[in-house]
Amino acid sequence: MLHGVLLIGLFSCAAFYIGSAQIFTELSFSPMIIGIILGMLYANSLRNHLPETWVPGIQFCSKKLLRLGIILYGFRLTFMDVVAVGLPGIIIDVVVVTVTIIGGYWLGKALKMDRDIALLTSIGSGICGAAAVLGAESTIQTKPYKTAVAVATVVIFGTISMFLYPIAYRAGILNLSPEEMGIYAGATLHEVAHAVGAGNAMGPEISDVAVIVKMIRVMLLVPVLLVLGYWVAISAVKQGVTGTAAKGKVAVPWFALGFLAVIGFNSFGLLPQSAVDVINYIDTFLLTMAMVALGAETSIDKFKKAGAKPFILAFLLYIWLIAGGWALAKYITPLFI
């Protein structure tokens with residue numbers, strides 16, 4: 001197993017090195033995104049030429065290290081972030097997350113899509129991109145290629161928005177105040193990196209609000225995963241699946257509760273910022289390893305198997321985020337100012 005872990009670790013180091021290049025830092029491409037691309041390149045080139053005994057190490061990275069990475073992700077947040085942004089940001093975040101996930105699930109059914117891909121795509125679009133997809137993947141225990149497909153849709157449309165929002169705002173097309181724009185960006189952009197990149201392009205008064213609103217969406221990952229775990233258990237009972245789920249027991253995603261506990265601990269400010277920065281760096285590396293491992297299990301054939309429907313679903317959700325998010329930011333925010 002150690003050989004597989006070391007292989008993924010080396011790929012992750014390469015992802016960090018490539019991500020430090022100026023072009024990728026300007027595009028806000030995180031090592032996680034580069035990592036899954038490297039993993040997929042490996043899956044479609046050298047994957048069949050390495051010993052099968054390395055596979056357990058790759059799976060360890062995509063399962064165990066993933067859960068640890070999600071827990072440590074809580075060091076990026078505090079409950080004070082929620083207070084700072086106020087009620088409009090919280091309300092809009094809740095509406096966006098709820099409508100995106102539920103609407104995406106039913107759109108997936110209408111498109112006759114694979115249920116797991118529809119769920120992962122909807123959760124990734126609604127909450128926090130790749131990190132949310134990874135968290136949901138750990139809860140529903142789906143196949144790696146489905147996770148990779150969902151992450152790909154998030155990266156594509158999130159990156160488009162990261163460039164589109166600043167252009168539209170500066171051109172006056174959106175007709176939003178700086179605070180409204182910050183809430184709009186934070187509530188609708190897919191990745192945290194996308195919110196940071198777009199916010200910085202529009203100025204600090206927008207960036208600060210956008211990042212806080214985005215981090216509140218990240219916090220919503222915990223209740224979503226708890227509900228998802230319960231729903232998966234109930235669905236298993238209805239379908240007559242044997243095992244723990246069939247007995248009516250809910251597979252509680254403990255890593256989600258750990259994530260919430262870390263946020264609570266971090267809210268007290270007991271650790272110096274330098275220590276938190278080190279933890280966040282380690283956490284990014286762990287999540288990058290998980291992304292590389294998922295990519296390593298994803299071949300082009302599996303993308304073909306998924307078909308065009310995941311991208312159609314992601315596009316429809318993208319239209320909702322742009323239009324619905326704008327309406328929410330424009331008409332709800334002034335009610336609380």
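1. Aromatic pairs. Rings of Phe, Tyr and Trp (its six-membered ring) are taken to pair if their centres lie within 6.5 Å; planes under 30 degrees apart count as stacked, over 60 as edge-to-face and the rest as tilted. By this rule the predicted model has 11 aromatic pairs. The pair of Tyr105 and Trp106 is edge-to-face, because the ring centres are 5.5 Å apart and the planes stand at 75°. Trp326 and Tyr331 are also edge-to-face, with centres 6.1 Å apart and planes at 90°. Phe16, Tyr281 and Phe285 are linked by ring pairs into a cluster.

2. Basis of the values. The model is predicted, so local features need pLDDT of at least 70 and side-chain atom pairs count only at pLDDT 80 or more, while totals for chains, interfaces and linings use all residues. Residues are numbered from 1 along each chain as its sequence is written, and side-chain values use heavy atoms, with hydrogens and water left out.

3. Buried means under 20% relative accessible area, exposed over 50%, and partly exposed in between (1.4 Å probe, protein chains only). Tyr105 is buried at 18%.

4. Overall fold. Helices (H or I, at least four residues) and strands (E, at least two) are DSSP runs, numbered from the N terminus. The chain has 17 helices and zero strands. Its radius of gyration, taken over C-alpha atoms, is set against a globule rule of 2.2 Å times the number of residues to the power 0.38. The value is 19 Å, close to the 20 Å that the rule gives for 337 residues, so the chain is as compact as a globular protein of that length. The C-alpha trace spans about 60 × 50 × 40 Å along its principal axes. Of the 337 residues, 55% are buried. A contact means heavy atoms within 4.5 Å. Among contacts between residues at least 6 apart in sequence, 83% join residues at least 24 apart.

5. Nonpolar cores. A nonpolar core is a set of buried Ala, Val, Leu, Ile, Met, Phe, Trp, Tyr and Cys residues joined through side-chain atoms within 4.5 Å. The largest has 56 residues, of which Ile123, Ile127, Val218 and Phe259 touch the most other members. Helix H9 (residues 144–170) supplies the largest share of this core, eight residues. Apart from this core lies another, of 20 residues, including Ile8, Tyr42, Leu72 and Leu286. Leaving aside residues up to four places away in sequence, Ile123 touches Ile101, Cys128, Ala132, Ala136, Val224 and Leu228.

6. Helix H10. Nine of the 11 residues of H10 (residues 178–188) are buried, so this helix is largely enclosed by the rest of the structure. Glu180 and Thr188 are among the buried residues. The buried residues of H10 pack against helix H6 (87–110), H9, helix H11 (192–202), H12 and helix H17 (309–332). Within H12 (residues 204–219) is Ser207, which is buried at 7% relative accessibility. Ser207 touches Gly199 and Asn200, not counting residues up to four places away in sequence.

7. Helix H1. The expected span of a helix is 1.5 Å times one less than its number of residues. H1 (residues 2–19) has 18 residues and reaches 25 Å from its first C-alpha to its last, close to the expected 26 Å. Its buried residues include Ile8, Phe11 and Phe16. The buried residues of H1 pack against helix H2 (22–26), helix H3 (31–43), helix H4 (55–72) and helix H15 (273–296).

8. Cysteines. A disulfide is a pair of cysteine sulfur atoms within 2.5 Å, and the structure holds zero of them. The closest cysteine sulfur to that of Cys13 belongs to Cys61, 12 Å away, which is too far for a bond. Cys13 is partly exposed at 42% relative accessible area, whereas Cys61 is buried at 0%.

9. Backbone points to check. Most residues other than glycine have a negative phi. Lys112 has a positive phi near 55°; this residue sits in the loop between H6 and helix H7 (115–126) and is exposed at 71% relative accessibility. Asn175, in the loop between H9 and H10, also has a positive phi, about 55°, and is exposed at 52%.
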